[in-house]
Amino acid sequence: MTTRYPIPASETRTEEIILRSRFITTLAAVGTLAEARAFVARVRTEFADATHNCWAYVVGAPGSTAQIGMSDDGEPAGVAGKPMLQVLLGSGVGDIGAVVTRYFGGVKLGTGGLVRAYSGGVKAALLQLPLLEKVERVLLHVTLPYRLYQPLARLLPAFEAEVIESQFAAEVTLSVSLPVEQVNDCRDALRELSAGAIQVVE
C-alpha cells in the first residue's frame, strides 16, 4: 500500500487559445470525493458563462482508480473527461482534480482536436503544478514512566514521529503521530528501550 505520494501543493491555472477557443485549465488537491465535487462545483460557478466545464479527478494514490470521476459536460462523448482522466492517472500525482473550461470561439476543432486540447491543457498545467508529499500518519497513545521520557524523546525523530499532546500525571502519557510505515519499527524500538515498560496503544 502506498502511504506517501505527491499531491498538489496549491491550485494552479493555465490558459491557451486554440483556433479562437479559449481553454482554461484549473488543477487542485482533492483529498476526498466531497472535496473533488466541491472543487468542480466552485470552478463551474466561477465560469458559469463558459460553453463547457469538463472535469476529471483521482482521489487516492497516483494511478488509483478506486475513486475517480469525469465528465464531458456537453462535448462529444469521450473527447474531454476521459482524456483528462488518463493524463491524471499517468501523472504520478495523487488526490488531484482538473477542470478544463472552454469558451467556444466559432471554429470546430473536430474529435481529435478536442482530445488534444483537453488532454494538452491538463499536461501543460501539470508542468507548472507545485507538489508536496502526502504522508499517511497514525496516532499512537504511549504511556511510560518518567525515567524513560528523555530517552523516548531522543528516539522519536528517527521514526519521523511528532508528539501531539503530553500529559504528566503518575506516568507520562503522550499522543504521538507518525507515518504508517514506521509504526512497527517504532514499536520494536520502544519495546527494546524499555523492556516492556512503555505501553503503546493505537
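The model is predicted, so local features need pLDDT of at least 70 and side-chain atom pairs count only at pLDDT 80 or more, while totals for chains, interfaces and linings use all residues. Residues are numbered from 1 along each chain as its sequence is written, and side-chain values use heavy atoms, with hydrogens and water left out.

## The cores

A nonpolar core here is a set of buried Ala, Val, Leu, Ile, Met, Phe, Trp, Tyr and Cys residues joined through side-chain atoms within 4.5 Å. Buried means under 20% relative accessible area, exposed means over 50%, and partly exposed is in between (1.4 Å probe, protein chains only). The largest nonpolar core has 23 residues, and those that touch the most other members are Leu-27, Met-84, Leu-88, Ile-96, Tyr-118, Val-122 and Leu-126. Two or more residues come from each of β3, β4 (52-59), α2 (81-89), β6 (96-103) and α3 (110-128). Helices (H or I, at least four residues) and strands (E, at least two) are DSSP runs, numbered from the N terminus. The biggest contribution to this core is that of α3, with six residues. Apart from this core lies another, of 18 residues, including Leu-140, Leu-152, Ala-161 and Leu-190. As background, nonpolar side chains tend to be buried together in soluble globular proteins.

Helix α2 has Gly-81, Pro-83, Met-84, Leu-85, Val-87 and Leu-88 as its buried residues. Their cover includes β4, β5 (67-71), β6 and α3; contact means heavy atoms within 4.5 Å.

## Ring pairs

Rings of Phe, Tyr and Trp (its six-membered ring) pair if their centres lie within 6.5 Å; planes under 30 degrees apart count as stacked, over 60 as edge-to-face and the rest as tilted. The structure holds five aromatic pairs, and two of them are set out here.

| Ring pair | Centre distance | Plane angle |
|---|---|---|
| Phe-23 and Tyr-118 | 5.3 Å | 90 degrees |
| Phe-47 and Tyr-103 | 6.5 Å | 80 degrees |

The planes of Phe-23 and Tyr-118 stand at 90 degrees, so this pair is edge-to-face. Because Phe-23 lies in strand β3 and Tyr-118 in helix α3, the pair ties together parts that are 95 residues apart in sequence. Phe-23 is buried at a relative accessible area of 3%, and Tyr-118 is buried at 0%. Not counting residues up to four places away in sequence, Tyr-118 touches Phe-23, His-52, Cys-54, Glu-75, Val-79, Ala-80, Met-84, Val-100 and Arg-102.

Phe-47 and Tyr-103, at 80 degrees, also make an edge-to-face pair. Phe-47 lies in the loop between α1 (33-46) and β4, and Tyr-103 lies in strand β6, so this pair ties together parts 56 residues apart in sequence. Both Phe-47 and Tyr-103 are buried. Elsewhere, ring pairs link Tyr-146, Tyr-149 and Phe-168 into a cluster.

## A four-stranded sheet

An open sheet of four strands runs in the order β9-β10-β8-β11, with antiparallel pairing. Two strands pair if DSSP finds at least two bridges between them. β9 (162-168) and β11 (199-201) are the edge strands, each with a single partner, so one side of each is left without a neighbour in the sheet. Strand β8 (residues 137-144) pairs with β11 in the antiparallel sense over three bridges, and His-141 stands opposite Val-201 in β11.

Thr-25 is found in strand β3 (residues 21-29) and counts as buried at 2% relative accessibility. Its side chain reaches the backbone oxygen of Gly-121 at 3.5 Å.

Asp-95, in the loop between α2 and β6, is buried with a relative accessible area of 3%. Its side chain makes a polar contact of 2.6 Å with the side chain of Lys-134.

Is Asp-73, in contrast, buried or partly exposed? At 22% relative accessibility, Asp-73 counts as partly exposed. Asp-73 lies in the loop between β5 and α2. A polar contact of 3.5 Å joins its side chain to that of Arg-44, and a polar atom of the Asp-73 side chain lies 2.6 Å from the backbone nitrogen of Asn-53. Asp-73 and His-52 are 21 residues apart along the chain, with their C-alpha atoms separated by 5.8 Å.

Conventions
A polar contact is a pair of N or O atoms within 3.5 Å; within protein, one must be able to donate a hydrogen and the other to accept it, and residues adjacent in sequence count only if both atoms are side-chain atoms.
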